[in-house]
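Please walk through the structure shown below, taking one region at a time.

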Amino acid sequence: MTATDTWNVMTRELRPVARDPFSVIFSLLQPLVFLGLFAPLLVGESGASLADTLAWFVPGVLVMIVLFGTGATGSNLQYEMMTGSHERTLVAPLSRTSLLVGRALKEIVPIVVQSLVIVAIAWPFGFRANLLGLLLGLVVLAAFGVGLGSLSYALALKTKNREWMFWAVQQSLIFPLLILSGMLLPLDSAPRWMSAVASVNPVNWVVQAERALLGGDLAASAVGWGVLSASAVCAVGLTVGIRAMRASD
Amino acid sequence: MDAPIIEAEGLTKRFTSRKATVEAVTDLTFSVAQGELVAFLGPNGAGKSTTLRMLTTLIAPTSGRASVVGRDIAREAAAVRARIGYVGQLTSGSFAQRVRDELISQGAFYGMAKAAAAARADALVESLGLSGFATRTVQQLSGGQKRRLDIALGLMHAPPLLFLDEPSTGLDPQSRANLWEHILDLRREHGTTVFLTTHYLEEADRYAERVMVMDQGRVIADDTAAHLKEHLAGDAVTLGLDSPGSADRASSLVAEVTGREVRRVDATTVAVHVADGATLLPTLLRRLDAAGVAVVSATGVPPTLDDVFLALTGRTLREANLSTADAQPDTDPVAASATAEGGDR
């Protein structure tokens with residue numbers, strides 16, 4: 001891997017985003033729907049204030065952005081494998097590692113932009129975030145996103161020419177990860193087996209870390225577990241992704 | 001004389017998919033000199049693309065070796081990649097990218113400075129007739145425009161050797177002619193070596209100086225199109241006679257004059273393949289006339305590369321394309337992904 005190659009791959013990936021920034025905002029539709037239609041239900045259900053509910057819910061929505069946006073990013077690569085431009089980059093003198101890492105790092109840009117937009121939208125409704133906590137929270141999300149994005153690319157590379165299989169695997173992983181993260185509903189009342197699974201779900205720890213960080217509780221043990229989980233996803237994702245890219249033809 | 005720009009020795013590729021092993025390319029040995037324009041001709045599944053993918057370092061050969069622009073494809077893959085241009089069968093540009101952006105990215109991939117890449121991108125956009133489309137996304141281009149962008153991307157870093165895999169497949173005749181003009185211009189101006197695959201006979205015939213005919217993983221002929229046609233097929237001279245009796249007499253007389261085997265097409269028609277039909281035909285007619293054999297029709301048709309292919313394999317290229325369309329190792333996703341192991345560079 002060379003830094004130049006990685007930079008060149010990343011800037012290429014970012015060009016369509018820079019040309020059409022609205023695309024980044026448009027893909028916020030789904031989290032906005034959850035924010036607008038699910039948060040009021042939570043308020044009604046728990047009896048807590050809107051501000052308190054948002055303090056609990058918004059960090060989860062930020063993780064949701066990563067889960068859905070970055071988790072699906074492999075489909076872009078799969079499309080480029082199908083149409084031919086991936087092959088072109090394989091013949092260019094770029095290291096395979098850079099081809100993967102450059103793409104994965106690009107994911108940080110939409111994650112940060114989208115998170116800030118969600119925070120800005122929730123702000124007038126009483127949501128408040130600790131600014132240092134938000135900054136650290138974005139770093140944790142970025143690491144988690146780079147790892148998840150790499151896994152998504154690896155899945156795309158492994159399911160070459162079988163688009164349906166990419167989506168089948170992706171969907172059957174994402175929803176259990178989502179529900180078992182306590183992102184939408186608290187897992188307090190979950191049966192014991194669910195709690196057990198959730199306790200080893202890295203997404204759960206990232207959500208809890210984001211809640212602590214944005215709430216200003218920077219020294220909470222959940223932060224440590226979240227950082228560890230995000231780092232682990234990042235390391236595993238990059239390792240698996242780079243291996244898949246090296247085998248790509 | 002300079003060293004050959006491509007040197008392949010015993011290049012072989014076997015794909016294993018499930019339990020079947022397919023040998024896509026068998027023991028290929030050849031060399032290409034700098035500045036040559038070589039066409040790899042053969043039916044689908046003949047092993048043309050597999051060979052190209054080995055030479056461009058996309059897949060590793062099962063055995064054998066090759067050097068491309070002086071570098072070994074296995075040990076110095078990165079160096080090979082830096083020195084070649086490659087236009088694959090599909091679209092090189094990413095559909096979401098703008099034309100000019102994609103060219104500039106490509107320049108960066110090959111280590112070009114920003115200003116140089118921008119200038120080169122503009123020059124290529126201009127010369128490949130893409131002015132006015134520079135800020136369009138690839139998705140918005142027509143088939144011919146996409147293909148011209150593919151060529152532009154392959155030329156961005158001015159490689160001394162350009163590989164083109166089926167460059168004109170799917171293009172209308174006008175776009176195809178236009179594409180060829182660009183390829184030929186390129187050679188004239190920069191002396192670029194061009195190595196391409198095609199299953200269009202006319203194309204190999206008309207543009208390539210050297211044709212390598214490939215069938216079932218092997219190169220079965222390698223010469224100029226003119227020589228191949230002259231030596232392997234020859235002009236087809238066909239004579240129509242007024243009766244079966246005349247045809248019998250014509251048969252023996254034509255055999256005597258040409259020294260070639262004469263075919264009886266039907267009761268009153270005979271045909272022979274000869275090297276120079278145009279000058280032979282008047283002689284034949286005079287001799288037959290003198291012998292009192294009544295000729296009612298006479299044609300002399302120059303051979304096509306299809307005749308060459310027929311002479312070499314016993315089947316026409318069209319038949320070969322049909323029979324192998326279902327079993328094409330080049331594009332079998334299972335085969336292609338199951339076997340390749342690449343390094344980081």
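How many residues apart are Arg188(B) and Asp185(B) in helix α6 of chain B? They are 3 residues apart in that helix, which spans residues 173-190, so about one helical turn separates them. Helices (H or I, at least four residues) and strands (E, at least two) are DSSP runs, numbered from the N terminus. Arg188(B) and Asp185(B) form a salt bridge, with the closest N and O atoms 2.5 Å apart; the term stands for a side-chain nitrogen of Lys or Arg within 4 Å of a carboxyl oxygen of Asp or Glu. Arg188(B) counts as exposed because its relative accessibility is 63%, whereas Asp185(B), at 29%, is partly exposed. Here buried means under 20% relative accessible area, exposed over 50%, and partly exposed in between (1.4 Å probe, protein chains only).

The model is predicted: local features need pLDDT of at least 70, side-chain atom pairs count only at pLDDT 80 or more, and totals for chains, interfaces and linings use all residues. Residues are numbered from 1 along each chain as its sequence is written, chains are lettered from A and ligands numbered from 1 in the order in which they are written, and side-chain values use heavy atoms, with hydrogens and water left out.

Over all chains, the whole structure holds 19 salt bridges. One of them joins Arg75(B) to Asp72(B) at 3.5 Å, N to O. Arg75(B) is exposed at 69% relative accessible area, while Asp72(B) is buried at 9%.

Next comes the contact of the two chains. Chain B contributes 38 residues and chain A 31 residues, where contact means heavy atoms within 4.5 Å. Between them the chains bury about 3100 Å², 48% of it on carbon and sulfur atoms; buried area is the accessible area (1.4 Å probe) that two parts lose on being put together, summed over both. This interface has 4 salt bridges. In one salt bridge, the side chains of Arg53(B) and Glu87(A) meet at 2.3 Å, N to O. Glu102(B) also forms a salt bridge with Arg12(A), at 2.7 Å between the closest N and O atoms. This pair crosses between chains, from helix α3 (residues 99-109) of chain B to helix α1 (residues 3-19) of chain A. Both Glu102(B) and Arg12(A) are buried.

Chain B also has an open sheet of 4 strands in the order β2-β1-β4-β5, with antiparallel pairing; two strands pair if DSSP finds at least two bridges between them. Its edge strands are β2 (20-32) and β5 (71-72), each pairing on one side only. Strand β1 (residues 6-17) of chain B is joined to β2(B) by 9 bridges, and Arg14(B) has Glu23(B) as its bridge partner in β2(B).

Thr57(B) sits in the loop between α1 and β4 of chain B. Its phi is near 70°, a positive value in a residue other than glycine. Most residues other than glycine have a negative phi. Ala158(B), in the loop between α5 (143-155) and β7 (161-165) of chain B, also has a positive phi, near 45°. Are these residues buried or exposed? Thr57(B) counts as buried because its relative accessibility is 9%, and Ala158(B) counts as exposed because its value is 53%.
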